[in-house]
Amino acid sequence: MDLEFVTIADRPDLFRYVTDFPDDTVAEFLYQDPVSNALFVGLIERHPEFTVMAVDPGVPAPVGMTCTMPFTGSPDGELPPGGYDAVLLSAAADAVAGRRGDRVAALFAVVRPQLRGTGLSPRLMTVACDNGARLGYSELVVPARPTRKHEHPRMPMADYMAWTREDGLPVDPWLRVHVRAGGEIVGLAPSSMTITGTLDEWRRWTGLPFAESGPVEVPGGFVPVQCDTVAGVASYVEPNVWVRHRLSPR
């Protein structure tokens, strides 16, 4: 497929697709993260050179997208346990301080449903790394959401991310894409995203009754949601996997 890869800085007209890109793989409750809802779109708009779109010249809408974000890391170089949300909060603090972060993270990648399995996801990852290097960064870090973790909601993420095939590559397809692209699995982000809602909201998001206190497995969840019928609320705290890509200078 003859694709062109451009940033939103190159093509400002493509910015609207940041919030208008079909993705049938994400459960509805995952769109309820208050940190992401408050900050994600505004920060993408502030840093248009960090979001890459894959464009088919014959199709008006982009066919793939990777959103990266500059953020300020900790002085000791450790990656934050808060993962995705922590990157957004750090990037927002950078915006208030008028600075660009000293690290870059890939926060979101999506491919149109009809093109999944065609090799576009690895290409987007490579282009995101190249773009990060072009912007002056020496590494790209990713609070990765493993594609198949939802099929094993009771397995600790630490065990899942260490699970490999006979060839030594991760069992999980998305982690495998990162490793094949030169990425290194370097740790766990145990609280990458936290979503809390009333029981009525969770019933609406999942179609499940949420009638008893305790852990509730929900479609698309990496871990069970913790339900409290006395308080009338339930919370989901999602773990992600930190992956590091070393970048070559451009």
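Q: Let's start with asparagine 131: is it buried or exposed?
A: This is a predicted model, so keep that in mind throughout. The general idea is to compare relative accessible area with a cut-off, and buried means under 20%. Asparagine 131 comes out at 7%, so it counts as buried. Its place is in helix α3, residues 120-134.

Q: Which residues is asparagine 131 in contact with?
A: Here you skip the neighbours within four places in sequence. That leaves Thr7, Glu49, Phe50 and Val52 in contact with asparagine 131.

Q: And how far is asparagine 131 from methionine 53?
A: Look at sequence and space separately. The two are 78 residues apart in sequence and 11 Å apart in space, C-alpha to C-alpha. Methionine 53 belongs to strand β2, residues 51-55. With 0% relative accessibility, methionine 53 counts as buried.

Q: What should I look for in a nonpolar core?
A: In soluble globular proteins, nonpolar side chains tend to be buried together. In this model the largest nonpolar core has 66 residues, and Phe29, Met53, Trp202, Phe210 and Tyr236 touch the most other members. There is also a second, separate core of 7 residues, with Ala54, Val63, Leu120 and Leu124 among them.

Q: Which residues does methionine 53 touch?
A: Again, leave out residues up to four places away in sequence. The contacts of methionine 53 then include Phe5, Val6, Ile8, Leu14, Tyr17 and Val18, as well as Pro62, Gly64 and Met65.

Q: On to charges: how many salt bridges does the structure hold?
A: It holds 11. For arginine 11 and aspartate 13, the closest N and O atoms are 2.8 Å apart. Arginine 11 has 27% relative accessibility, so it counts as partly exposed; aspartate 13, at 45%, is partly exposed too.

Q: Which parts of the chain does the pair of arginine 244 and glutamate 139 link?
A: First the distance: the closest N and O atoms of this salt bridge are 3.0 Å apart. The pair links distant parts of the chain, with arginine 244 in strand β9 (residues 233-246) and glutamate 139 in strand β5 (residues 139-144), 105 residues apart. Both are buried. They also sit in a network of salt bridges linking Arg103, Glu139, Arg244 and Arg246.

Q: Why is β9 described as largely enclosed?
A: Count its buried residues. In β9, 10 of the 14 are buried, so the strand is largely enclosed by the rest of the structure.

Q: Which strands does β9 pair with?
A: For pairing, check direction and the number of bridges. β5 and β9 run antiparallel, joined by 6 bridges, and arginine 244 is the bridge partner of valine 141. Strand β6 (residues 184-198) is also antiparallel to β9, over 11 bridges, with methionine 193 partnered by glutamate 238. Strand β8 (residues 225-228) runs antiparallel to β9 with 3 bridges, and there aspartate 228 stands opposite valine 233.

Definitions and conventions:
Residues numbered from 1 in each chain as written. Predicted model: local features only at pLDDT ≥ 70, side-chain atom pairs only at ≥ 80, totals over all residues. Heavy atoms only, no water. Helix = DSSP H or I, 4+ residues; strand = E, 2+ residues; numbered from the N terminus. Buried < 20%, exposed > 50% of the residue type's maximum accessible area, 1.4 Å probe, protein only. Contact = heavy atoms within 4.5 Å. Core = buried A, V, L, I, M, F, W, Y, C linked by side-chain atoms within 4.5 Å. Salt bridge = Lys/Arg side-chain N within 4 Å of Asp/Glu carboxyl O. Pairing = 2+ DSSP bridges.
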